[in-house]
Amino acid sequence: MKQNHPKCQTGNVNIPAESAVDCDTDTGAKTSACNTGEQQGKVKADLTGHSTINPNDTPHVGLACGKGSGGHHSASAENKSDTGARLFICESCGKDFKRSTLLKKHLRVHTCKRSHLCKTCGKTFADRSTLRRHMRIHTGETPFVCKSCGKAFAEGSSLKRHMRIHTGERPFVCKTCGKTFIRNDKLNIHMRIHTGEKAFVCKSCGKTFKECSTLRCHLRIHTGERPFVCKTCGKTFIRNDKLNIHMSIHTGEKAFVCKSCGKAFAEGSTLKRHMRIHTGERPYLCLTCGKAFKQRSALNDHMKVHTGERPFETATKLFICQTSGKDFKLSKSLKQHLGVHTDERPYACKTCGKTFNKNSALKVHIRTHTGERPYACKTCGKTFKQYSSIYRHKRIHTGERPYVCKTCGKAFTQNDQLKNHLRIHTGERPYVCQTCGKTFNRNDHLKVHLSVHTGERPYACNICGKTFKQHSSLYLHKRIHTGERPHVCKTCGKTFIQNDKLNNHLRVHTGERPFVCKTCGKAFKQNYDLKIHLRDHTGERPFVCKTCGKTFKRNDELKFHLRDHTGERPFVCKTCGKTFKRHSELKTHLRVHTGERPYLCKTCGKAFKQSSALSYHIRVHTGERPDVCKTCGKSFQRSEELKFHVRDHTGERPYVCKICGKAFKRNKELKTHFRVHTGERPYLCKTCGKAFKQNSQLYVHMRIHKDERPCLCKTCGKAFKRNEELKTHLRVHTGERPYLCKTCGKTFKQKSALNVHMRVHTDERPYVCETCGETFSQNCELVQHMSTHRSKNIQICQQESSDIAKASSSK
């Protein structure tokens, strides 16, 4: 049972009820408090040591129990030293002290009494000893020297703490997690991690801090004070440690060395973080999902995923760029941004001279020269120059796509990808080419575009020497040499060099055609194909041949066209040695040797070597003829057929035979014509051995053996082997005579009939009789003429035989 005693038995010490002597009548344990004038706030485990107040050492007696405590009781002194009791408590903040002098000093924090003035800088201090220590900043005096390393200190306590680095002593232990510290104040700060306490509040912005020193530094952001100046370049800093780190730029000193890989760092904290690469330590754990991180900042950013917090939208932006009006949360961010306007790039590469606005960007760039790729993926072994790159790369393996578009629901692995994607919905294109005015939604697209004007192709393949505008293009190109095709179609097993090629291929299986032309409604598998198609409506042909002035819709068409002038045919068939201008042409050609016809018509089962051939064939079943001649209104299934047809009206025949000068509308016709001069007949009938100049001729010829006549006249039912024969026959029913003689106006059903007729006007007689030398305009006339020679020969033979008979009878 406890009784509260309102008064200490010494005459001059009053004890209020809330701090009176408590005496336990059962155990005899007691605590007591003094509340005399200046000794306010002093609390004692017992009344021992109160001699300054009670010089006669009068014992202090509890009224109820009669137990007392003498001024110099040895047992109590021993007990005090054993328990380490804090006897003096500050009534303002509750902080406790062992000695009254310490409490006295502390009370000046609340009273703001700072009576000791520094005559050099005007700074004031609460006590003389602090002023003495402060004066050493001005005098440079460092009287306390470490015997181990020679480092000198202004204060003895600093030397004492420093010695623990050499001895390894870490006497202050966290009871929660077991972590040890050299200094008690570091332990106190650490404890706030467990308690979550942030006692120091900024009155300007409301931000809270665990340490008073951190608050002091923070206040300089508002006041603009930057007291630490670099003597070499004049740059100013808010904190001394930032100045020390900055000095390493000038001195080149990197005092903190990694024992595992030998890498050196200017800051100890940077080395600490670096060591986690080797140890794999990830000490910052998300309590919500269990994900672990190497850095606290990464955990803080991650937590926003769970909380839905978007601080960059709601938080007050304190630092505003006066040029562009853009605002920033940190002065550092504003500083870096200002480099955009001033074009200041203080960090220069010593190897190539390239400059950067950030030191971190320079560090990453240097790896381009050294070839260093320190970050390796543990799953696939791929290496990277930047940690951020491997962090993003890991999402390929995990399938994580944390950044989601709120408009269309599309997800991305990177935040900047989402940002760029959002511009598709907003239509924003902030990056403008100053040469031609073209706009882009991404800065890297603008950079690539600028090489069109400069002609720069800085990335060269070390195997074949080919150059590229983008590093990514070179990276993909190298797979041609290595044979690497990492992207595999799970449906058919086909492999691809690029992921986007695989995505496009997958639409073959799904039939998806997401890109639709708003003008004609035509749908495409790829956005690029839609872009090219739109040029059909706009008439835009931006790619111009410098040799002949011909224009093209696509850059690759121009590339292939240039090979007509250069004669380059880089793609060679290993089976027959035939060369081609395009890789796709070689691919198609190889099917001649393999017999592969992968494109199948679902209606009739006919197979084709090319996808385009199947597309055109399907129009036979649908009756679609989308390409119409503007001159005569005739429609065609294929745009190429329309192109060749238009040449009938214009008379254009661009393909000329170098041997005889004959001109043709199509390159294919010229190729076939060449075989007249070379005598080449590459297409052989396996049944009868007859050879043909064209594959189509062999195809039609095979119908003789099969007795196949697939082309049927719907009017009279007559069947034909060839579609051309059916077309000509139909003119019997329609009366159409499309071939007109420009000289006399006579019309013909067939082109061959017009050609023969033209010889009447030109007096051309190409068919010569080898017997008598007479010439004819038509082959049939020559054949008829040849029969006259045969009949004459018969008559001569008959005359000779009759003469022989007469001669023999006369004998």
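Is Arg 666 buried or partly exposed, and what is its relative accessible area? Arg 666 is partly exposed, at a relative accessible area of 29%, where buried means under 20%, exposed over 50% and partly exposed in between (1.4 Å probe, protein chains only). The model is predicted: local features need pLDDT of at least 70, side-chain atom pairs count only at pLDDT 80 or more, and totals for chains, interfaces and linings use all residues. Residues are numbered from 1 along each chain as its sequence is written, and side-chain values use heavy atoms, with hydrogens and water left out.

Arg 666 joins Glu 669 in a salt bridge, 3.9 Å from N to O; the term requires a side-chain nitrogen of Lys or Arg within 4 Å of a carboxyl oxygen of Asp or Glu. Glu 669 is partly exposed as well, at 30% relative accessibility. The count of salt bridges comes to 26. Among them, Arg 220 and Glu 225 meet at 3.9 Å, N to O; Arg 220 is buried, with a relative accessible area of 17%, whereas Glu 225 is partly exposed at 42%. Another links Arg 563 to Glu 568 at 3.8 Å, N to O. Here Arg 563 counts as buried at 15% relative accessibility, and Glu 568 as partly exposed at 40%. Lys 291, Arg 395 and Glu 400 are linked in a network of salt bridges.

Aromatic rings provide a further set of contacts. Rings of Phe, Tyr and Trp (its six-membered ring) pair if their centres lie within 6.5 Å; planes under 30 degrees apart count as stacked, over 60 as edge-to-face and the rest as tilted. Tyr 375 and Tyr 387 are edge-to-face, 5.8 Å centre to centre with 70° between the planes. Because Tyr 375 lies in strand E27 (residues 375-376) and Tyr 387 in helix H13 (residues 387-398), this pair ties together parts that are 12 residues apart in sequence; helices (H or I, at least four residues) and strands (E, at least two) are DSSP runs, numbered from the N terminus. The rings of Tyr 387 and Tyr 391 have centres 6.2 Å apart and planes at 35°, so that pair is tilted. Both tyrosines lie in H13, four residues apart, about one turn of the helix.

Helix H15 (residues 443-454) has Leu 446, His 449 and Ser 451 buried. The buried residues of H15 pack against strands E31 (431-432) and E32 (439-440), contact meaning heavy atoms within 4.5 Å. Just after H15, Gly 455 takes a positive phi of about 75°.

Key:
The expected span of a helix is 1.5 Å times one less than its number of residues.
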